[in-house]
Amino acid sequence: MTPMPVMEGLLLAAALFVLGLLGVLVRRNILFMLMSLEIMLNAAGLAFVVAGARWGAPDGQAMFLIILAVAAAEVAVGLALALQLFRRTGTVDADAVAGLKG
Amino acid sequence: MRELLWLVPALPLTGFLALAAGAGRLPRPAVGVVGVGSVGLSLLTALAIAADFAGPAAEGAVFRQPLWQWLAVGDVAVRFGLALDALSLTMILVVTGVGFLVHLYSLGFLAGQEGLNRFFAYMNLFVAAMLILVLADGLLLLYVGWEGVGLCSFLLIGFRYRDPATVRAARKAFVVTRVGDAGLVIGLILLVVSLGTLDIAALTEAAGTRWAAGDALPVAAAALLLAGAVGKSAQLPLQVWLPDAMAGPTPVSALIHAATMVTAGVYLIARMHGLFALAPPVQTAVAVIGAVTLLLAATGALAQTDIKRILAYSTISQIGYMVMALGVGAYGAAIFHLTTHAWFKALLFLAAGVVIRRLGDEHDVRGMGGLYRHLPGAFVAFLVGAASLAALPLITAGGWSKELILTQVWAAGGGGPFLWLAGTLGAFLTALYIFRAVFLVFFGPERTVPGGATPATMLAPLAVLAVLAVVGGAFPVPAFLAGSLPVPATGRAAGWLFGAIAFGLPLLGIYVAYEIYLRRRTAAAGRREAPVPARLFGLWQRGWGFDALYTAVAVRPVGWFVRVNRGDAADALATGATAAGTAGHRWLSRTQTGRLRWYAGALAGGTALVLAVAVLA
């Protein structure tokens with residue numbers, strides 16, 4: 001098995017993470033924000049897998065499974081919220097609901 | 001019987017509690033029964049105790065009734081206890097006696113008026129506080145009574161609180177007496193710090209053994225006690241509140257502002273005579289204050305047109321006599337005059353109350369005249385009171401007590417010709433101003449015809465007080481008091497000439513009043529009343545301008561300071577802290593935009609910052 005290119009793998013994870021974060025920050029459509037969140041979660045998962053392969057430890061892959069579970073839960077809650085948002089306000093614009101303004 | 005001493009103040013206090021608890025629920029007759037009855041029972045108890053106590057075997061005896069331990073701080077233990085000696089027995093008889101008569105009178109005076117329950121509640125509380133004041137065996141308990149009577153005075157002056165003028169008068173009385181009370185408190189603190197006790201007997205003994213006459217400490221303590229006495233007894237320079245206090249109902253003026261509360265200062269000095277004996281400069285100051293006050297107030301009384309203000313200035317003047325007597329060590333004479341004054345001045349006020357009520361709340365003597373035909377009862381009462389106040393010799397109580405003061409002021413070591421001259425001149429002025437009132441109100445042309453009728457509850461107290469104002473001089477008060485108060489040392493003998501002058505001057509004053517105010521009737525002709533320069537007469541009318549003086553030197557500067565300090569410079573720290581909190585809150589709440597993406601950005605930025613710090617640092 002060829003050794004894992006750690007540097008490249010982590011850079012890819014970082015790039016994915018930043019892409020996801022930018023997506024969360026610039027998209028106003030809540031569906032796209034959720035998708036961007038998924039990308040960020042997967043970036044974190046990728047970093048775990050790369051690190052686990054580098055040290056030959058199974059913990060990285062175990063963490064990825066946990067992240068998958070978290071992502072599934074997050075999507076379930078997030079989609080439910082998005083659905084409620086659309087039903088109540090008729091829009092999927094996250095900025096349209098700023099009722100908790102201080 | 002003397003074990004029942006605690007009942008004397010407890011009964012009016014119970015009456016107050018019952019009236020306060022039953023406010024709005026008790027019917028009017030019940031209010032009267034409770035209000036008058038509690039003081040009546042207190043009077044009966046006091047009389048029984050007096051009969052038990054005043055036997056010849058009890059000469060100079062003191063009966064102490066410690067009730068309970070009040071508080072103990074370090075070495076200082078303060079008891080809640082009563083003490084009865086000749087002085088306090090005389091005082092409780094005056095307080096309950098005059099108090100009962102005035103309560104009875106109030107039943108008729110306030111008939112048909114609202115607030116009867118409140119009135120009797122305050123009056124009962126006043127009597128209780130006054131009795132605590134005179135029965136206290138320690139200065140702290142005395143101070144409780146002292147402030148209690150001050151509070152009741154405030155409440156009762158402002159009894160008709162819908163009128164802003166009475167509220168102003170009440171506030172003025174409270175604030176001015178407070179100036180003196182502050183001195184009294186500091187005096188008490190000084191005494192307890194330096195002598196370690198507030199029990200009057202122990203304190204006097206300790207002061208006598210530890211201090212020599214003329215030391216700085218006793219002089220300071222006595223001067224501070226004098227400040228309290230001066231404020232409460234309306235003496236110079238704190239006399240300005242008493243004329244305004246006449247805004248209260250007339251029974252209040254009779255009981256509180258003539259017979260009892262304003263004499264509390266006299267009682268305090270007499271009670272603390274052991275301390276004052278150690279402070280000769282203060283003793284001299286007491287005598288001089290009394291002499292000056294009696295003259296200034298007597299001339300002030302000469303120029304007033306409100307019948308109650310005439311009597312108020314007269315009260316200041318008569319208390320001046322008592323204070324002067326205290327100053328020369330004639331304690332017995334001072335307390336004797338206190339008792340006779342309580343009778344005849346209460347009589348004058350109550351008779352004036354009848355006149356005022358029957359004339360439909362008319363206070364101005366220039367609007368009265370010829371009333372002796374319409375109001376014979378009030379006329380006889382006022383005339384008897386006036387004769388006693390003018391010290392008509394031999395036949396009136398006031399004559400005996402004032403003559404005793406003048407004799408002792410002349411004879412006592414601390415007295416002398418100047419004080420005696422002031423008192424004698426004052427006696428002439430007293431006769432002049434009170435018979436001015438008699439002639440203007442009851443003689444001359446009729447100006448207002450009285451209406452209505454005077455109930456028996458108002459006339460009966462007048463009759464009793466009139467009898468006391470005549471025969472009261474026969475009570476051997478000075479001899480009785482010799483048991484608990486020192487008798488002044490006599491330096492000069494009083495010759496027959498002085499007696500003749502003291503006897504003759506009141507008669508001369510009455511004659512002059514007759515000439516000026518009845519025969520020539522300068523007052524009715526609209527000219528100035530007394531043969532003095534108009535400017536001086538105006539000064540008398542304004543009570544020697546003390547009000548204007550205090551407005552200029554005290555009220556205005558304080559008002560200026562209050563206006564300047566409206567922003568509360570002293571509170572800047574506290575208000576600054578709250579302002580900073582408010583500003584920070586505003587600033588931080590701006591970050592709460594309610595926008596999800598901003599929060600996400602803040603999270604990311606914060607995480608990046610923490611990571612950067614962790615990695616780079």
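Biologist: Before we start, what does "buried" mean here?

Modeller: In this predicted model, a residue's relative accessible area is compared with a cut-off, using the protein chains only. Over 50% is exposed, and a residue counts as buried when the value is under 20%.

Biologist: Thanks! How much of chain A counts as buried?

Modeller: Chain A has 102 residues. With the cut-off for buried being under 20% relative accessible area, the share of chain A that is buried comes to 25%.

Biologist: What radius of gyration does chain A have, and what would a compact globule have?

Modeller: Chain A has three helices and zero strands, and its C-alpha atoms fill a box of roughly 55 × 25 × 25 Å along the principal axes. A compact globule of 102 residues would have a radius of gyration near 13 Å, but chain A has 17 Å.

Biologist: Where do the buried residues of α1(A) lie around its axis?

Modeller: The buried residues of α1(A) are Gly9(A), Ala13(A), Gly20(A), Gly23(A) and Val24(A). They cover an arc of only 100° around the axis, so they lie on the same side of α1(A). On the other side, exposed residues include Met7(A) and Glu8(A). What covers the buried ones includes α2 of chain A and α25 of chain B, and their place is the same side of α1(A).

Notes: Residues numbered from 1 in each chain as written. Chains lettered and ligands numbered in written order. Predicted model: local features only at pLDDT ≥ 70, side-chain atom pairs only at ≥ 80, totals over all residues. Heavy atoms only, no water. Buried < 20%, exposed > 50% of the residue type's maximum accessible area, 1.4 Å probe, protein only. Helix = DSSP H or I, 4+ residues; strand = E, 2+ residues; numbered from the N terminus. Arc of directions from axis to C-beta. Contact = heavy atoms within 4.5 Å. Rg over C-alpha atoms; globule rule 2.2 N^0.38 Å.
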